[in-house]
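Trainee: I would like to go through the labels on this model one by one. Can we set each value against its cut-off?

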Amino acid sequence: MEDSENDIIKLLWNMSRILALDPCRRFTLGFTIEDRWFRLWILNRGTLLRAQAFDFIEDQRSLVTVLLSFALSSAENMGWDPTITFSHRDSDNRRQCNIIVNERVYKTVTTLSDYSADNPLGRATRVWKVQDAQGNTRVLKDLWLEHDRLEEHKIYENIIQDVENSNSATPESKAKARKVVVDRLLTPLEHCRVKVSGIADDDTNLVILRGYDVNKARTVALMSTSQPNPRNKQSFGFSSPDDQGAEFITQASQDSGLQVPQRVVHNLQETEIPNDQRYHYRIVFQEYATTIYDERNLANILKAIADVLLALRWIHSAGWVHRDISDGNLYYYKERNIGLIGDLEYAKKVEVQSHRNVRAGTPHFMASEAISDAYLFFPITPTPPRDPLHFVRSYKRHGPRDTPLGVVKPAPPPFNHNALHDIESVWWVLVYTILFNE
């Protein structure tokens with residue numbers, strides 16, 4: 001059993017490593033052989049599945065079928081992404097790629113963020129500084145979004161529309177509100193749902209798993225110890241929809257920084273299988289700006305935060321909250337000497353309740369109530385003084401009570417992120433910048 005667990009750990013570590021390091025891979029396949037038993041595995045950004053094992057000595061046909069399928073499959077069916085290809089190695093020996101968005105090719109210059117890709121299950125958000133065919137510098141984001149989540153460009157459009165509608169007393173006020181917000185949000189240039197061979201939108205279930213219903217499968221129980229992410233800029237772990245499956249296969253490797261399983265428990269009881277149907281999405285932004293984390297001029301940082309607060313005032317008045325304010329999502333844009341807000345993928349309207357009961361945010365900067373997932377501070381409402389003889393009169397009318405005397409507290413309301421939580425996150429960005437950034 002110990003040898004078998006060790007082999008599975010190695011397999012899953014390598015499958016996770018492939019997805020973490022290679023942006024050209026959509027999913028990975030692997031197999032384990034224990035004694036005479038052959039088992040196939042598949043890992044994509046939505047789920048991890050293992051096939052039923054078969055005896056390859058007795059069942060030679062299945063073995064030949066599997067191996068020929070590996071040998072004769074197309075690149076797409078083996079997990080490769082035809083819309084992103086290796087280009088060259090830069091002067092630092094880092095690989096650069098050509099990425100297609102709506103038939104336009106963008107050449108990567110440097111990777112801005114790819115920490116989320118370390119978690120085998122999740123959005124695997126990667127962000128690059130890129131150049132278009134005309135040599136213009138842009139920013140490209142690639143991620144796997146849950147089926148029930150809006151694309152970022154649609155969230156952007158909805159925010160702008162609601163800002164206009166909530167300030168539509170006069171055409172002048174509508175135009176002013178729109179300009180304030182548009183000027184302080186990253187501008188989407190183009191976007192797409194990635195297609196496999198130009199035919200179908202890439203999808204973890206309908207395309208990669210050919211519509212297989214994973215909810216009818218039995219789980220492979222992988223027990224692990226949750227590890228904190230060392231990077232303050234990363235939305236991770238229990239606090240973020242981006243990585244809600246991270247604890248499924250997570251333990252930081254001491255020598256590589258990648259995520260590996262700690263141990264495997266052979267338990268095939270019918271339980272819920274970690275699964276999120278996701279689609280592959282890309283968006284290109286016009287501005288390449290410096291994050292608050294990387295900006296070293298305090299005057300620029302304060303100017304950026306002042307602009308951010310001005311934009312948040314209008315965004316909040318329209319009923320929206322950002323939910324992931326951090327020093328990696330706020331920017332100083334030198335070309336216009338202005339602060340910008342990015343990463344709207346977790347933004348939502350306050351009154352809209354998602355069926356996903358997960359917290360959003362970057363732990364270093366989350367509001368205390370947001371990270372607790374509960375209201376901690378309630379308005380102080382004075383209660384009228386009670387008649388001292390209230391309980392005596394009640395006893396005379398109704399007899400002794402079955403429960404102890406006292407006031408029963410009502411159940412706390414379900415937690416919902418509000419505008420004050422965004423503002424508190426801005427405060428923590430200031431605290432972090434002043435105390436920890438040089």
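Mentor: We will take cysteines, then rings, then charges over rings, then one threonine. Keep in mind that the model is predicted.

Trainee: What makes Cys24 buried?

Mentor: Buried means under 20% relative accessible area. Cys24 has 9%, so it counts as buried. Cys97 has 6%, so the label is buried there too.

Trainee: On to the rings. How many aromatic pairs are there?

Mentor: The count is six.

Trainee: Why is the pair of Phe365 and Tyr432 called edge-to-face?

Mentor: Two tests apply. Ring centres must lie within 6.5 Å, and planes over 60 degrees apart count as edge-to-face. Here the centres are 5.5 Å apart and the planes stand at 75°, so the pair is edge-to-face.

Trainee: Which parts of the chain does this pair link?

Mentor: Distant ones, 67 residues apart. Phe365 is in the loop between strand 20 (348–349) and helix 7 (368–372). Tyr432 belongs to helix 9 (residues 419–436).

Trainee: Are Phe365 and Tyr432 buried or exposed?

Mentor: Phe365 has 0% relative accessibility, so it is buried. Tyr432 has 15%, still under the 20% limit, so it is buried as well.

Trainee: Which residues do ring pairs link into a cluster?

Mentor: Phe31, Phe38, Phe54 and Phe70.

Trainee: How do you know that the charged end of Arg25 sits over the ring of Trp80?

Mentor: The distance limit is 6 Å from the ring centre, and the charge must also be within 35 degrees of the ring normal. Arg25 is listed as sitting over the Trp80 ring, 4.4 Å from its centre. Likewise, the charged end of Arg193 sits over the ring of Tyr279, at 3.7 Å from the centre.

Trainee: Last, Thr433 in helix 9. What makes it buried?

Mentor: Its relative accessibility is 6%, so Thr433 counts as buried.

Trainee: What does the side chain of Thr433 reach?

Mentor: The backbone oxygen of Val429, at 2.7 Å. Leaving aside neighbours within four places in sequence, Thr433 is in contact with Ile292 and Ile301.

Methods: Residues are numbered from 1 along each chain as its sequence is written. This is a predicted model: local features need pLDDT of at least 70, side-chain atom pairs count only at pLDDT 80 or more; totals for chains, interfaces and linings use all residues. Side-chain values use heavy atoms; hydrogens and water are left out. Buried means under 20% relative accessible area, exposed over 50%, partly exposed in between (1.4 Å probe, protein chains only). Rings of Phe, Tyr and Trp (its six-membered ring) pair if their centres lie within 6.5 Å; planes under 30 degrees apart count as stacked, over 60 as edge-to-face and the rest as tilted. Helices (H or I, at least four residues) and strands (E, at least two) are DSSP runs, numbered from the N terminus. A polar contact is a pair of N or O atoms within 3.5 Å; within protein, one must be able to donate a hydrogen and the other to accept it, and residues adjacent in sequence count only if both atoms are side-chain atoms. Contact means heavy atoms within 4.5 Å.
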